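Dear colleague,

Here is the structure I said I would pass on. My notes on one part of it follow below.

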Amino acid sequence: MPDDGDRHFNYPRHLLGGKLLEMLRIRSAQLGGCEPCMDARKVDSVTEDVVACLISPALRGDLTVREMRALEFLDLLATDHHKIDDAVYRGLAEVFTTAEIIELGSTCGHMIGTHRFIHTLDPYGEADPVIRFDPAQVGLSWAELNGAV
C-alpha cells in the first residue's frame, strides 16, 4: 500500500501526507459511525495503536502538532463548525501553509459528508436497499434513461 496518500483522488499531488489523510479518514468514520471505514486501513503507518486514541487525540503524547490540530479541526467541522473561528485558523497557520489549510478543509468536508451520506444508505444493514445499484445507469442521467432528452 502506498504510504504517500496517492490513493486520495482529490489530491493526487496532495500536501498533507498519507498518514495524516488516513488518520482524518478514520476519525471521520468514527464520528459518522461507519464501522467498515473505521476498520479499514489504507496506509501502513496508521497502525491499531495510532487509531486507538483518535477518539481523544489530546490524550496521545505521540501525535505531532500538525496531526493534533488537523484532528481537532475535523472534530470541530463535524460536530460544531460554529466554533471554527479566527483563533482556530491562526493555530492552523502556525503549522500549515494556506494551501494546506484549504486542502485540510476540503478533505475534511468531503470525508464528513461522504461518511454521513453513505451511512444514510445503510449499505451493510439487514433490509433490502431502498435504492438499488444498476450498472445500466452508470454515466447516464434520469432523462437519458427515460428518453426525455
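Helices here are DSSP runs (H or I, at least four residues), numbered from the N terminus.

This is a predicted model, where local features need pLDDT of at least 70, side-chain atom pairs count only at pLDDT 80 or more, and totals for chains, interfaces and linings use all residues. Residues are numbered from 1 along each chain as its sequence is written, and side-chain values use heavy atoms, without hydrogens and water.

The axes of helix 4 (residues 65-79) and helix 5 (residues 86-93) come within 10 Å and cross at roughly 155°. Axes are lines fitted to C-alpha atoms over the stretch in contact, and angles run from 0 to 180 degrees between N-to-C directions. The two helices, helix 4 and helix 5, are therefore roughly antiparallel (over 145 degrees). In their contact (heavy atoms within 4.5 Å), helix 4 supplies R69, A70, F73 and L76, and helix 5 supplies V88, Y89, G91 and L92.

Helix 1 packs on helix 4 at about 30°, with axes 10 Å apart. Helix 1 and helix 4 are therefore roughly parallel (under 35 degrees).

Regards

Terms used:
Parallel < 35°, antiparallel > 145°, perpendicular 65-115°, else oblique.
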